[in-house]
Amino acid sequence: VESVGERHGINVQLDYKALSDAGIGIDVPISVHSRDASLRSALRLALNKLQLSFCVRDGYLLITSGDSDEDALEMRIYRVRDLISVKSGLTSRVEIADAGPDNFGELLNVITATVEPTTWDDVGGPASIKADPTSQTLWVLQAPEAHELVAQVLDTLRGMRDKQAAAAKTVAEAPRDPGPSVMSIK
């Protein structure tokens, strides 16, 4: 814990009660050797060995038991109007799903398949995601770390949409080749 905190310049705390309840002593050595891995990935690898997890709370990294982490679910609302709107002509919006009141389907599938897939309620996990067609938002109950991943997925989709729109605009504005010119010789 001290090594991780010092190396990365962050405050790391142990959830003593959760670790004690899980039968894990605070003096158990944990190590992982991984090249070019993010801190998040290295922590997952190291802590999974003891069925531990981590979350960020109030500005510090908390190492806790897997069960305790489920208690830290947060509700966040994501505006996704720009991602569920139907493409019409050459607009900056990308069609993510079919038109109509249930046009959130594909977006929900992308998120639940890529962000902590085993944590969602449709597979028996504690997290949930609901679409609100009226406000064109997603209501997500998930762990704070997973919320970061949801935001990354939405940002990635927006980036893809913007690149696609820019490419479409470039094609639309490209000068058209008039074809071979016809010359008449007299």
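**Ground rules.** I am working on a predicted model, in which local features need pLDDT of at least 70 and side-chain atom pairs count only at pLDDT 80 or more, while totals for chains, interfaces and linings use all residues. Residues are numbered from 1 along each chain as its sequence is written, and side-chain values use heavy atoms, with hydrogens and water left out.

I took helices (H or I, at least four residues) and strands (E, at least two) as DSSP runs numbered from the N terminus, and counted two strands as paired if DSSP finds at least two bridges between them. An open sheet of 3 strands has the order 4-6-5 with antiparallel pairing. Strand 4 (74-79) and strand 5 (128-132) stand at its edges with a single partner strand each, so one side of each has no neighbour in the sheet. Strand 5 and strand 6 (residues 137-142) are joined antiparallel over 5 bridges, and Ile-129 stands opposite Val-140 in strand 6. Helix 6 (residues 105-114) packs on this sheet, touching strand 5 and strand 6, and its direction makes about 160° with that of strand 5. Helix 7 (residues 144-173) also packs on the sheet, touching strand 4 and strand 6, at about 10° to the direction of strand 4. For these entries contact means heavy atoms within 4.5 Å; axes are lines fitted to C-alpha atoms, for helices over the stretch in contact, and angles run from 0 to 180 degrees between N-to-C directions.

I found 3 strands forming an open sheet in the order 1-3-2, with mixed pairing. Strand 2 and strand 3 run antiparallel and are joined by 6 bridges, with Phe-54 having Ile-63 in strand 3 as its bridge partner. Helix 3 lies across strand 2 and strand 3, at about 140° to strand 2. I listed the buried residues of helix 3 (residues 39-48) as Ala-42, Leu-43, Ala-46 and Leu-47; seen down the helix axis they fall within an arc of 115°, so they line one face of helix 3, the arc being that of the directions from the helix axis to the C-beta atoms.

**Cores.** I took a nonpolar core as a set of buried Ala, Val, Leu, Ile, Met, Phe, Trp, Tyr and Cys residues joined through side-chain atoms within 4.5 Å. The largest has 20 residues, and Val-80, Leu-107, Ile-111, Val-115, Leu-138 and Leu-154 have the most contacts inside it. Helix 7 gives the largest share of this core, 6 residues.

**Salt bridges.** I searched the whole structure and found 8 salt bridges, each a side-chain nitrogen of Lys or Arg within 4 Å of a carboxyl oxygen of Asp or Glu. Glu-145 and Arg-44 meet in one of them (2.3 Å, N to O), which links helix 7 to helix 3 across 101 residues. Glu-145 counts as buried at 12% relative accessibility, whereas Arg-44 is partly exposed at 27%. Returning to Glu-74, I noted its salt bridge with Arg-76, whose closest N and O atoms are 2.8 Å apart.

Definitions and conventions: Buried < 20%, exposed > 50% of the residue type's maximum accessible area, 1.4 Å probe, protein only.
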